[in-house]
Amino acid sequence: MSRAELIATARDNAAHVKAGTIAQADDVLMVPASKYTDPSRWQLEMDGIFRRIPLMLAVTAELPNPGDYKAMEAAGMPVIINRDRSGVVHAFVNMCSHRGAQLVAPGRGNSNRFTCPYHAWSYNQTGDLVGIFAEQDFGEIDKKCNSLTPLPVQERAGLIWVTLNPKSTLNISEFLCGYDDLLANWGFENWHFFDSRVVKGPNWKIAYDGYLDLYHLPILHKDTFGSDFPHRAIYYGWGPHQRAMGPDPSLLKLLDEPEEEWPTQSLLSGVWTIFPHISIASFDGGGRGVMLSQLFPGDTPEESFTVQNYLMEKPPATEEIAAEAKEQFKFLEYVVQEEDYATGLKQQRALKTGAKPEVMFGRNEEGGQNFHRWLDEILAASDEELPALFTRR
Ligand code: FES
Ligand SMILES: [Fe+2]
């Protein structure tokens with residue numbers, strides 16, 4: 001099923017290569033500049049997007065073993081994601097039931113229990129309160145009613161989605177609109193988690209627009225990697241999730257071979273984004289790898305931070321390969337920090353002046369157009385209306 005979709009996409013892309021075309025949007029889209037700068041719009045996005053719809057917060061390869069956990073902050077919410085002894089992934093608010101201390105410092109580890117650093121209450125891997133320090137002195141409470149607060153979570157295709165609203169009833173599979181079946185072709189559950197780091201940037205949408213934008217590659221990135229890249233892109237969507245591909249001439253030679261023999265890897269090119277804040281892009285330093293970027297709004301509309309993760313198809317077998325992967329990952333930090341986000345920070349200062357009421361997304365920038373339309377549609381939908389948005393493919 002998903003392979004058939006990959007093949008259909010490859011055939012469509014190859015047809016564009018042959019014809020020298022791309023799929024264009026109907027019109028140029030105007031987006032009010034205030035959507036990037038207005039604090040009330042930013043707050044709406046925090047509440048209506050980041051704390052309401054599923055976010056891809058971790059990869060399977062970060063917590064492969066029973067007892068592995070990761071603690072992080074996402075959109076102001078402290079979260080623990082862990083794997084219990086039977087292999088099932090859970091997510092909780094990182095908050096003690098006693099007086100709300102954070103149980104675990106940000107980072108990764110392995111533990112059977114989470115013990116609060118404040119008064120040593122402890123919780124097991126499924127979030128049950130299992131120990132109260134000096135319980136005989138504390139007074140009676142029902143332990144069963146004081147578990148950690150669980151968050152909706154789903155592990156699919158080697159990736160882990162969490163919804164930051166404990167009361168959310170939105171079905172995570174439906175939100176993925178079948179895109180998870182396509183992502184499964186990567187086999188990320190068997191990949192190696194090489195390294196991660198945090199890069200600070202401008203408003204999260206200014207930053208994220210760049211990940212959907214191939215138009216800028218040979219211009220802004222001309223001195224680093226972009227000179228050989230096409231500026232043209234074709235966008236394929238599954239609900240709000242989009243894959244951006246340049247017209248890929250390497251697909252043409254597949255057309256002469258029987259479809260069953262088309263290697264899956266050749267069918268996965270381009271940038272795979274996951275709404276609203278993930279980008280997965282391929283690199284080859286140290287062998288086949290991807291940089292998986294997770295963008296998060298910071299504390300204000302003018303700040304974001306990006307967790308850059310480097311995943312490798314195979315763990316580096318030699319120090320030399322590890323050094324190549326390290327070099328590749330360092331290069332990507334430079335490109336994002338010094339080219340993309342340096343540009344974005346200045347763009348943000350200019351947008352704040354209000355001198356231009358609108359910015360534009362061209363007919364060739366369909367990815368950005370789709371992204372901004374989906375944001376507006378989701379923000380306008382009530383909780384009851386939300387699931388119906390994701391039944392469209
Ligand atoms: S706040 Fe956690 S034990 Fe007191
Ligand atoms: Fe870029």
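These questions and answers explain the terms used for a predicted model.

Author: The model is predicted, so local features need pLDDT of at least 70 and side-chain atom pairs pLDDT 80 or more, while totals for chains, interfaces and linings use all residues. Residues are numbered from 1 along each chain as its sequence is written, chains are lettered from A and ligands numbered from 1 in the order in which they are written, and side-chain values use heavy atoms, leaving out hydrogens and water.

Reader: Why is H221 called buried?
Author: Buried means under 20% relative accessible area, exposed over 50%, and partly exposed in between, with a 1.4 Å probe and protein chains only. H221 has a relative accessible area of 1%, so H221 is buried. H216, at 14% relative accessibility, also counts as buried.

Reader: Why is the pair of F50 and W204 called edge-to-face?
Author: Rings of Phe, Tyr and Trp (its six-membered ring) pair if their centres lie within 6.5 Å; planes under 30 degrees apart count as stacked, over 60 as edge-to-face and the rest as tilted. The structure holds 19 aromatic pairs. In the pair of F50 and W204, the centres are 4.8 Å apart and the planes stand at 90 degrees, so the pair is edge-to-face. F50 belongs to helix 3 and W204 to helix 7, 154 residues apart. Helices (H or I, at least four residues) and strands (E, at least two) are DSSP runs, numbered from the N terminus. Both F50 and W204 are buried.

Reader: What makes F188 and W191 an edge-to-face pair?
Author: Their centres are 5.0 Å apart and their planes 80 degrees, so by the same cut-offs the pair is edge-to-face.

Reader: How do you know that the charged end of K205 sits over the ring of Y36?
Author: A charge sits over a ring if NZ of Lys or CZ of Arg is within 6 Å of the ring centre and within 35 degrees of the ring normal. The charged end of K205 is 5.3 Å from the centre of the Y36 ring, and sits over that ring. R197 lies over the face of F329, at 3.7 Å from the ring centre.
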